[in-house]
Amino acid sequence: MSVLIKELEARKDDYILVADVINLMANATNSAPDEVVKYLDAHNIDDHLTLLYMDESYIFEPYNGHIVCLGNDANITYFQKADVMAFEPIAKHGVFKDGSLYHINHLQRNSEDEYLTVDEVSLILSNEARIDFDYNKIRDLARKRKITPCFYFSGFVCPLLKDPLGELYISNSTDSNSKFKMMTGYFTYRLLVEQIIIQDDYLTVPYCEVGNEILIHRLLEKQGDTNIDYSNGLALFEGKPQPFDNPQNNRNKFSCISCDEIRFSKQELDDYIASTQTTSDNHFIEHVKLVEGDKAKQLESLKTENDKLNARLNKASEIYRQNQSEIKELKAQLEKAAADITELKEQLSNKIDAPDSIDELKGIAKLNIEKPIFISSAKAIARYLWSLDKSEAIRTGDMVQQVKAIMIKVNYDLLPSEDETIRTWLAEVAPPHAKKSGRTPKNAPSEITLTMKK
């Protein structure tokens, strides 16, 4: 007994149950236990803290497993308390504010008043949810594994074995007695869920039933000098069985419980209630985020549409300014051409012995008069055609050909043989886009349509 007391003291002062760490984190962060496990796994707790279990000599040894796979083993595995308190993802939540663990003594947590009857569960759920929780609704919660039905048992426990066909059995070997342990705790099995009904009766406890094996739900105390393997389930005996060579010696097996002996962990119930409240809060937050997101999308859409309208307005304004500028420039050039013609006529009329008309001029004199008029006309035609080119598709080379095709009909003799000469004439009136260097793009239209306005 002194060894057990020493172990319990060491457990209290130096070690802490993994289940207690998870529950403390759940309470501190208002989270469900499975969410805490995911959080700790995401912070690689397995790489920083060693899982321990207590062997038959009450010595803590490394436990070969991971926190995400513990399940009920969280109630029989430990962390070193100092390691847990130094682990930053846990410490930052203020779980161990004063470094004391007296308030989570596992013997106190596992006391009888921490497990509730079906009626007590119904009352608590009805008060919290403002809904009448009857036995059927509680059974549905258990089916969904939100809460686990269990029963209290103190007696002998023997592990079940599995034969090559997968059937469970109890060993009948001569050393079978060495496999027994004296245990006190809460136990459960799969079909216990279906027994959550209103009736004053006894329930049959399974013995060696595949898929419905008895499992440890919460271990309170164990006695004995050997470990047991309960991965295949357990058989419970109120008194220590005799050797199994005679089936009659199994008459001490634990075979039934009363319906009113079904219990539920208050911690599990609190975790479920907290999860429903958290879910409700999350739904509200998500709804607010959704509404705000829709408004943000609408604002972004309006902003985009406004930017497009501003761009169109700016482009239209720029085209208008360019047109006004081109019209003003064309008027000035036409006025200049008219002035040049008037000046030439005056010069001709002032000449002594000047002929009555240009047609009477001969040779170089006639050429000197007709050529400036011819060049001015070519410029005026090019300037006008460019003013109609709203798509800015006509380059200087293209315009040379357009003017050449027109002026050849006006006066073939005055048309230069080299296109470069005509290009030189048009350089003075060519707009910026017509002067771009490089070849004409392959996708440029072979024909350019000009729009005439009234």
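1. Glu-392 is partly exposed in this predicted model, because its relative accessible area is 44%, between the 20% limit for buried residues and the 50% limit for exposed ones. The residue sits in the loop that links helix H11 (363-388) to helix H12 (396-410).

2. The backbone of Glu-392 deserves a remark. Its phi is positive, at about 55°, although the residue is not a glycine. Most residues other than glycine have a negative phi.

3. A positive phi also occurs at Arg-145, with a value of about 65°, and here too the residue is not a glycine. Arg-145 is placed in the loop between helix H9 (135-143) and strand S6 (149-159).

4. Is Arg-145 buried or exposed? Arg-145 counts as exposed because its relative accessibility is 76%, and the exposed class begins over 50%.

5. Turning to the chain as a whole, its secondary structure comprises 13 helices and 14 strands. Of the contacts with a separation of 6 or more, 73% are between residues 24 or more positions apart.

6. Burial and surface may be read together. The chain has 454 residues, and buried residues make up 35% of them.

How values were computed. Residues are numbered from 1 along each chain as its sequence is written. This is a predicted model: local features need pLDDT of at least 70, side-chain atom pairs count only at pLDDT 80 or more; totals for chains, interfaces and linings use all residues. Side-chain values use heavy atoms; hydrogens and water are left out. Helices (H or I, at least four residues) and strands (E, at least two) are DSSP runs, numbered from the N terminus. Buried means under 20% relative accessible area, exposed over 50%, partly exposed in between (1.4 Å probe, protein chains only). Contact means heavy atoms within 4.5 Å.
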